[in-house]
Amino acid sequence: QVQVVESGGGSVQAGGSLRLSCAASGRTFSTYAMGWFRQASGKERESVAAITWSSGTTGYADSVKGRFTISRDTAKNMVYLQMNSLKPEDTAVYYCGGRLRPGSEYDFWGQGTQVTISS
């Protein structure tokens with residue numbers, strides 16, 4: 001099993017930046033990919049960015065391309081989401097998750113961290 005804990009959320013003004021961190025523990029060597037998701041109030045959870053654990057291949061939602069950057073540090077078992085040029089519509093609870101196999105559903109999730117962007 002893999003456990004993850006997010007941190008780094010907070011409140012900033014539009015145009016600002018935040019860096020989210022996700023600390024993974026347990027059988028991290030079995031992880032295929034990690035991702036960041038977000039869920040705004042009254043909306044469904046959506047994928048924001050993902051990265052494969054071994055090769056570091058990344059993917060982004062169109063809404064965050066060019067503004068957000070996902071990265072990982074396999075030595076420290078950490079995943080990061082650098083968020084720049086933040087917009088009010090980025091306000092949401094951000095979740096870190098991971099999956100053990102390509103194409104599978106995500107197998108484990110963190111508890112989430114709140115990000116609030118004011119205009």
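How many positive and how many negative side chains does the protein have, and how far apart do the centres of the two sets lie? The protein has 12 positive side chains (Lys and Arg) and 9 negative ones (Asp and Glu), with His and the chain ends not counted. The centres of the two sets lie 5 Å apart, the place of each charge being taken as NZ of Lys, CZ of Arg, CG of Asp or CD of Glu.

The structure is a predicted model, in which local features need pLDDT of at least 70 and side-chain atom pairs count only at pLDDT 80 or more, whereas totals for chains, interfaces and linings use all residues. Residues are numbered from 1 along each chain as its sequence is written, and side-chain values use heavy atoms, with hydrogens and water left out.

The protein contains 11 strands and 0 helices, where strands are DSSP runs of E with at least two residues and helices are runs of H or I with at least four, numbered from the N terminus. The C-alpha trace spans about 40 × 25 × 25 Å along its principal axes. Buried residues, those under 20% relative accessible area with a 1.4 Å probe and protein chains only, make up 40% of the 119 residues.

Gly-16 is located in the loop between β2 (10–13) and β3 (18–26). Apart from neighbours within four places in sequence, Gly-16 is in contact (heavy atoms within 4.5 Å) with Met-83, Asn-84, Ser-85 and Leu-86. The C-alpha atoms of Gly-16 and Gly-56, which are 40 residues apart along the chain, are separated by 26 Å.

Terms used
Buried < 20%, exposed > 50% of the residue type's maximum accessible area, 1.4 Å probe, protein only.
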